Amino acid sequence: MSKPVLIIGGGPAGLSAAHAVASSGHKAVIVDKADRLGGAPILSGYAKLVPSHEWAKDAIGGMVGRVEGNSLVDVHLNTTIDSFKGEPGNFTATLKDGSKIEAGAAILATGFTHFDSVNKPEWGFGTYPDVVTTVQVEQMLSSGAGVKCPSDGRAPDRVAILLCVGSRDRQIGREWCSKICCTVSANIAMEIREALPNSNVYIYYMDIRTFGLLEGPYYWESQETHKVKYIKARIAEVTSDGKRLLVKGEDTLVKRPISIPFDMVVHAIGMDPNVDNMTLSAVFDVKLNKYGFVEKPSAYLHMGETSRPGVFVAGAATGPETIDDSIAQAQAAAMAALNMLRAPVMEAAE
């Protein structure tokens, strides 16, 4: 068991896997293409996380500090892997600078890419500066700058949040639900109302999927405590009357067309496969599923495995996932990798 576990990706899943491996007394190596650890919550400037309500910089920052302070974890930033050869227990990864890392196993914790709203042009992003994404609103909140209209810096009086932008949309090839957007949007709506008590916030939805135990503290609380309004609708387009943005569509409850003015429109963007997944698939010789995420076999008999023995996967690399579940899956993948590496030792002892 002398060779380390190689972990690709330094977001919540990668940090969790590295901590789990190191906690067992085994060495871990993290390789990340970014210039710092933390993944999307840190790199994209998330605000308060669901469901803990902790600030991302504190919660994920704590995970980063725990790993960076561990002598059993080596970190390579601004780095990608050009090749990955060998077999379980005896892999060699060649980095972009030509250096090599010997590894016993690998864990892909490469996460996802935020949907680019440019691919939904009829909803105004890229045309009107006050059409923004949930990530941009998170950045406004986490930076302390406050929620403001990008066009002129004013605090918006009326805000619309449009759900399922880049999710559940066959027309643009995104058939999957991104799992967390409804809850995150309800959370952002409440944060906007707290920051701007006189504002009016509306959420446009096809249906609400605050899964598990989150319906009460997010869907109902956002309405009953924070007075967020929900409109069940199909959105046709977002335009402007020269003064305000107009959200046009059909109210699907009363079956009539609607056109409502807003100061700011927020796209609740979904999770796309990591833009590097085709490259990762080729380098690590793992299969992707039909949507472009890393494929994994049946969860009932396998723990974090991929199509290649010795290469494991965790978190949103396999599909839309929450931070909490990504952390748990990474711990399971770490256990599976360590069990695989221990197997020859146990057989020899017998």
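**Chat about strands and helices**

Biologist: In what sense do strand 7 and strand 17 pair, and over how many bridges?

Modeller: Strand 7 and strand 17 (residues 311–313) pair in the parallel sense, over three bridges. Keep in mind that this is a predicted model.

Biologist: Thanks! Which residue is the bridge partner of I107 in strand 17?

Modeller: I107 has F312 as its bridge partner there.

Biologist: And how do strand 1 and strand 7 pair?

Modeller: Strand 1 (residues 5–8) pairs with strand 7 in the parallel sense too, over four bridges. Within that pairing, A105 of strand 7 has V5 opposite.

Biologist: Are the faces of strand 7 covered or open?

Modeller: Both faces of strand 7 (residues 105–108) are covered. A105 and I107 are buried on one side, and A106 and L108 are buried on the other. In general, side chains of a regular strand alternate between the two faces of the sheet.

Biologist: Changing topic: what is the strand order in the open sheet of three strands?

Modeller: The order is 4-5-6, and the pairing is antiparallel. Strand 4 (81–87) and strand 6 (100–103) each have a single partner strand, so one side of each has no neighbour in the sheet. From one strand to the next, the twist averages 15°.

Biologist: How many bridges join strand 5 and strand 6?

Modeller: Strand 5 (residues 90–95) and strand 6 pair over four bridges, in the antiparallel sense. In strand 6, A103 stands opposite F91.

Biologist: Now the helices. At what angle do the axes of helix 4 and helix 5 cross?

Modeller: The axes of helix 4 (residues 134–143) and helix 5 cross at roughly 40° and come within 11 Å. That angle makes helix 4 oblique to helix 5. The crossing is left-handed.

Biologist: Which residues make the contact?

Modeller: Helix 4 contributes T134, V137, E138 and L141. From helix 5 come V184, S185, I188, E191 and I192. As a general point, an α-helix has 3.6 residues a turn, so residues three or four places apart point the same way.

Biologist: Last one: how far apart are the end C-alpha atoms of helix 5, and what span should they have?

Modeller: The end C-alpha atoms of helix 5 (residues 181–195) are 21 Å apart. At 1.5 Å a residue, its 15 residues should span 21 Å, so the two values agree.

Methods. Residues numbered from 1 in each chain as written. Predicted model: local features only at pLDDT ≥ 70, side-chain atom pairs only at ≥ 80, totals over all residues. Heavy atoms only, no water. Helix = DSSP H or I, 4+ residues; strand = E, 2+ residues; numbered from the N terminus. Expected span 1.5 Å × (residues − 1). Buried < 20%, exposed > 50% of the residue type's maximum accessible area, 1.4 Å probe, protein only. Pairing = 2+ DSSP bridges. Axes fitted to C-alpha atoms, helices over the stretch in contact; angles between N-to-C directions. Parallel < 35°, antiparallel > 145°, perpendicular 65-115°, else oblique. Left-handed = near helix turned anticlockwise from the far one by under 90°. Contact = heavy atoms within 4.5 Å.
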